[in-house]
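The stops below are meant to be selected one after another.

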Amino acid sequence: MRLHLLALLSKEPAHGYELKQALEQLFGSAYPSPNIGQIYVTLGRLEKDGLVRSVDVEQSNRPNKKVYYCTAQGREALDEWVDSPTEGPRVRDEFFMKLVLAPLTGIADRMALINRQRRHYLAIMRDLVELAQQTDRENRPAQLLIEGAMLHLQADLDWLERCQEDLA
């Protein structure tokens, strides 16, 4: 969440609730709504690390609010984040370790593991389909996030099928 907040602050200064609202507006229900406490803790850490600075802004009928700004050091961290590739496929897959080791040690049957994992993936897929139907069609970032998750999940389902064919 650090770099997500920093990216929003690089666009314009904001306080915690504005950042929460911006994330919710951008990603809708496709991305879990951030906890406001987590946002303020993260902002505090960003400030401690010199990536943001804050200014207290007086309000007439309310308590003062703290507005955060991205620093030059924060901009450098963002540039580094954007320029670095995101992690690719996971080679140390937890399920695959179970699939190989559990039958070897007699803890579980390989087909039972595959079927349980398939049911789990299908339940997640149903949830994603429902989420896609509930998400505003005009909110392209949210739609693309859901579509990406569904495509990754379909690849995992295809891979399970391959495991079943080769190992069972």
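This is a predicted model: local features need pLDDT of at least 70, side-chain atom pairs count only at pLDDT 80 or more; totals for chains, interfaces and linings use all residues.

Residues are numbered from 1 along each chain as its sequence is written, and side-chain values use heavy atoms, with hydrogens and water left out.

**Helices α1 and α4**

Select residues 2-11, helix α1, together with residues 72-83, helix α4. Helices here (H or I, at least four residues) and strands (E, at least two) are DSSP runs, numbered from the N terminus. The two helices pack at an angle of about 120°, and their axes are 10 Å apart. Axes are lines fitted to C-alpha atoms, for helices over the stretch in contact, and angles run from 0 to 180 degrees between N-to-C directions. The crossing of α1 and α4 is left-handed (the near helix is turned anticlockwise from the far one by less than a right angle). On the α1 side, show Leu 3, His 4, Leu 6, Ala 7 and Ser 10; on the α4 side, show Gly 74, Arg 75, Ala 77, Leu 78 and Trp 81, which together make the contact. Contact means heavy atoms within 4.5 Å.

**Val 55**

Next, select Val 55 in strand β1, residues 52-57. Val 55 has a relative accessible area of 33% and is partly exposed; buried means under 20%, exposed over 50%, and partly exposed in between (1.4 Å probe, protein chains only). Leaving aside residues up to four places away in sequence, Val 55 touches Lys 65, Lys 66, Val 67 and Tyr 69.

**Gln 117**

Move to helix α6, residues 110-134, and pick Gln 117. Is Gln 117 buried or exposed? Its relative accessible area is 17%, so Gln 117 counts as buried. Residues up to four places away in sequence aside, Gln 117 touches Phe 95 and Leu 160.

**Salt bridges**

Five salt bridges are found in the whole structure, each a side-chain nitrogen of Lys or Arg within 4 Å of a carboxyl oxygen of Asp or Glu. Three stops follow.

- Select Lys 11 and Glu 12, whose side chains meet at 3.9 Å, N to O. Lys 11 is exposed at 68%, and Glu 12 is partly exposed at 46%.
- Select Lys 20 and Glu 24, paired at 2.7 Å, N to O. Both lie in helix α2, residues 16-27, four residues apart, about one turn of the helix. Lys 20 is buried at 17%, while Glu 24 is partly exposed at 28%.
- Select Arg 118 and Glu 161, paired at 3.5 Å, N to O. Arg 118 is in helix α6 and Glu 161 in helix α7, so this pair ties together parts that are 43 residues apart in sequence. Arg 118 counts as buried at 17%, and Glu 161 is partly exposed at 36%.

**Nonpolar patch**

Finish with a surface view of Phe 96, Met 97, Val 100, Leu 101, Leu 104, Trp 159 and Leu 167, a nonpolar patch with about 600 Å² of accessible area together. Patches are made of residues with over 30% relative accessible area and no salt bridge, like charges being joined within 9 Å and nonpolar side chains (Val, Leu, Ile, Met, Phe, Trp, Tyr) within 5 Å. Accessible areas come from the Shrake-Rupley method with a 1.4 Å probe, and for residues only the protein chains shown count as cover. Helices α5 (94-105) and α7 (140-167) each supply at least two residues. The largest share, five residues, comes from α5. Leu 167, in helix α7, is partly exposed at 34%.
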